[in-house]
Amino acid sequence: MVTDAGGQAKDPVSFSHPLAGRVVYDSLPAADRRALHARCAKQSPPRESSREQAEAWLVPHAARSGEPALRREALRPALHAALAAAGRGESTRAAALYET
């Protein structure tokens, strides 16, 4: 059910089916989810990540961490990523980033 993506995927660990990942995520208590998001937001993305990939990693985790300092830290990267997405015509992605 859980696969090691070996650095080839967006996330180092992924689920064999998105629904499986959703079930596991939803089964975690909210406090545990926030703590895991905070931990992820504090980790560095892989070295070979572009700025946009690094922002894509940081922003959702910081937004869901429940930590005001992490959320503030992610504001500038969220804006940069939103502008880049809008420039590529990815309006849904840009809107989601603007909302963080």
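## Helices α2 and α3

Arg 34, His 37, Cys 40 and Ala 41 of α2 meet Trp 57, Leu 58, His 61, Ala 62 and Arg 64 of α3, where contact means heavy atoms within 4.5 Å. The model is predicted, so that local features need pLDDT of at least 70 and side-chain atom pairs count only at pLDDT 80 or more, whereas totals for chains, interfaces and linings use all residues. Residues are numbered from 1 along each chain as its sequence is written, and side-chain values use heavy atoms, with hydrogens and water left out.

The residues of this contact of α2 with α3 divide into five nonpolar, two polar and two charged (nonpolar: Ala, Val, Leu, Ile, Met, Phe, Trp, Tyr, Cys and Pro; charged: Asp, Glu, Lys and Arg; polar: the others, Gly among them). The axes of α2, which covers residues 30-42, and α3 come within 8 Å and cross at roughly 145°, the axes being lines fitted to C-alpha atoms, for helices over the stretch in contact, with angles from 0 to 180 degrees between N-to-C directions. The crossing of α2 and α3 is left-handed, that is, the near helix is turned anticlockwise from the far one by less than a right angle, clockwise being right-handed.

## The His 37 and His 61 pair

His 61 is found in helix α3, which spans residues 51-64, while the place of His 37 is in helix α2. The two side chains make a polar contact with each other at 2.9 Å (a pair of N or O atoms within 3.5 Å; within protein, one must be able to donate a hydrogen and the other to accept it, and residues adjacent in sequence count only if both atoms are side-chain atoms).

His 61 has a relative accessible area of 14% and therefore counts as buried, and His 37, at 8% relative accessibility, is buried as well (buried is under 20% relative accessible area, exposed over 50%, partly exposed in between, with a 1.4 Å probe and protein chains only). With neighbours within four places in sequence left aside, His 61 is in contact with His 37, Cys 40 and Ala 41.

Helix α5 (residues 75-87) packs with helix α6 (residues 91-99) at an angle of about 165°, their axes lying 8 Å apart. This angle makes α5 roughly antiparallel to α6 (under 35 degrees counts as roughly parallel, over 145 as roughly antiparallel, 65 to 115 as roughly perpendicular and the rest as oblique). The crossing in which α5 passes α6 is left-handed. On the α5 side, Ala 78, Leu 79, Ala 81, Ala 82, Leu 83, Ala 85 and Ala 86 take part, and they meet Arg 93, Ala 94, Leu 97 and Tyr 98 of α6. By class, the residues of the contact of α5 with α6 are 10 nonpolar, no polar and one charged.

The axes of α3 and α5 come within 9 Å and cross at roughly 120°, an angle that makes α3 oblique to α5. The crossing of α3 and α5 is left-handed. The contact is made by Arg 51, Glu 52, Glu 55, Leu 58 and Val 59 of α3, together with Pro 77, Ala 78, His 80, Ala 81 and Ala 84 of α5. Sorted by class, the contact of α3 with α5 has six nonpolar, one polar and three charged residues.

## Loop residues

Gln 43 is found in the loop between α2 and α3 and is partly exposed, with a relative accessible area of 46%. The C-alpha atoms of Gln 43 and Leu 58 are separated by 8.5 Å, although these residues are 15 apart along the chain.

Arg 88 lies in the loop between α5 and α6, and its relative accessible area of 42% makes Arg 88 partly exposed. The side chain of Arg 88 makes a polar contact of 2.9 Å with the side chain of Glu 90.

## The chain as a whole

The protein chain has six helices and two strands, which are DSSP runs numbered from the N terminus (H or I of at least four residues for helices, E of at least two for strands). From the N terminus on, the elements run β-β-α-α-α-α-α-α. Of the 100 residues of the protein chain, 23% count as buried. Among contacts between residues at least 6 apart in sequence, 33% join residues at least 24 apart.
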